[in-house]
Amino acid sequence: MKENKIMDPFYVEISCENGNVSPPARLISRKLSDLVGLFYDQDAYNRALADDNPVLYEVYEVRVPEEEGHLLSCTTVIYPGKVGKEYYFTKGHFHVLENRAEIYTCLRGQGYLLMTTRAGKTHSIAMRPGISAYIPPYWSHRTLNCGEEPFIFYGVWPGDAGHDYESIVEQEFPLRVFEENGQPVVKIK
Ligand code: M6P
Ligand code: ZN
């Protein structure tokens, strides 16, 4: 590699309070309408959407090339809320290159990391500040906020991994978390 082609080191500052990354990173905002067909209770989803279209989560991506060798990273802020009894969650994805792993480290709030394999194995990890979870290759992953404040985590993954959302729509995510008597309960559905 020619010296003049090598990227310069840099740093970002992350707010554990609101997940903001500075210098400003790319912001992706997902609203209730972006998660059509993903919640368990479709009637509750339609009722909620008729009422309002809130932002469920935001992702602040640190911009580096999406290429082999680089590490992508971002904060994700999932706001508190539910559709019916099911907590707000992310769309969830496999990596396009399925043998790419990822690490999620919780900065604020309470949540769950849900994972599944194509063969139907499932695993969940309760997340709270300081918990750093390893998502091995070949596991799809979805996160949710089961607390009353924003749930914020920092994710790091290989630059060439890519996001496969279609598989999650086609093959419903088998793990779901509902509120029962004020407590989150993980269920296989
Ligand atoms: C994590 C990472 C990101 C992902 C984000 C939201 O921060 O895995 O790559 O985009 O969560 O999840 P999703 O893309 O499934 O909506
Ligand atoms: Zn991922």
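Reader: Where does D164 lie?

Author: Elements come from DSSP runs: helices are H or I with at least four residues, strands are E with at least two, and numbering starts at the N terminus. Here D164 lies in strand 15 (residues 163-164). This is a predicted model, in which local features need pLDDT of at least 70, side-chain atom pairs count only at pLDDT 80 or more, and totals for chains, interfaces and linings use all residues. Residues are numbered from 1 along each chain as written, chains are lettered from A and ligands numbered from 1 in written order, and side-chain values use heavy atoms, with hydrogens and water left out.

Reader: Is D164 buried or exposed?

Author: Buried means under 20% relative accessible area, exposed over 50%, and partly exposed in between (1.4 Å probe, protein chains only). D164 counts as buried because its relative accessibility is 12%.

Reader: What does the side chain of D164 reach, and with which side chain does it make a polar contact?

Author: A polar contact is a pair of N or O atoms within 3.5 Å; within protein, one must be able to donate a hydrogen and the other to accept it, and residues adjacent in sequence count only if both atoms are side-chain atoms. The D164 side chain reaches the backbone nitrogen of E166 at 3.2 Å. Its polar contact with a side chain is to S167, at 2.6 Å.

Reader: Which residues does D164 touch, not counting those up to four places away in sequence?

Author: Contact means heavy atoms within 4.5 Å. D164 touches H93, F94, H95, V96 and R118. For scale, D164 and S73 are 91 residues apart in sequence and 17 Å apart in space, C-alpha to C-alpha.

Reader: Where does S167 lie, and is S167 buried or exposed?

Author: S167 belongs to helix 2 (residues 166-170). S167 is buried, with a relative accessible area of 10%. Besides the contact with D164, the S167 side chain has a polar contact of 3.2 Å with the side chain of R118. Beyond four places in sequence, S167 touches F94 and R118.

Reader: What about T116: buried or exposed?

Author: T116 is in strand 10 (residues 111-116). T116 is buried, at 4% relative accessible area. Its side chain makes a polar contact with that of S140, at 2.7 Å. Leaving aside neighbours within four places, the contacts of T116 include F94, Y138, W139 and F173.

Reader: How much space lies in the largest pocket?

Author: Rolling a probe the size of a water molecule over the atoms shows where empty space is left. A pocket is an open set of points on a 1 Å grid over the protein atoms alone, where a 1.4 Å probe fits, with protein on both sides within 12 Å along at least five of seven lines; lining residues have an atom within 4 Å of a point. Here the largest pocket holds about 450 Å³. Its lining has 32 residues, with E61, H93, W157, H163 and Y165 nearest the centre. Elements giving two or more residues to that lining include strand 3 (26-31) and strand 14 (151-158).

Reader: Which residues come nearest to ligand 1?

Author: A residue is near a molecule if one of its heavy atoms lies within 4 Å of it. Of the 14 residues around ligand 1, Y57, T76, E102, Y104 and Y165 come nearest. An oxygen atom of ligand 1 is 2.5 Å from an N or O atom in the Y57 side chain. A polar side-chain atom of T76 lies 2.6 Å from a ligand 1 oxygen. For G92, a polar backbone atom is 2.8 Å from an oxygen atom of ligand 1.

Key: Points joined across faces, edges and corners; volume = space filled by probe spheres on them.
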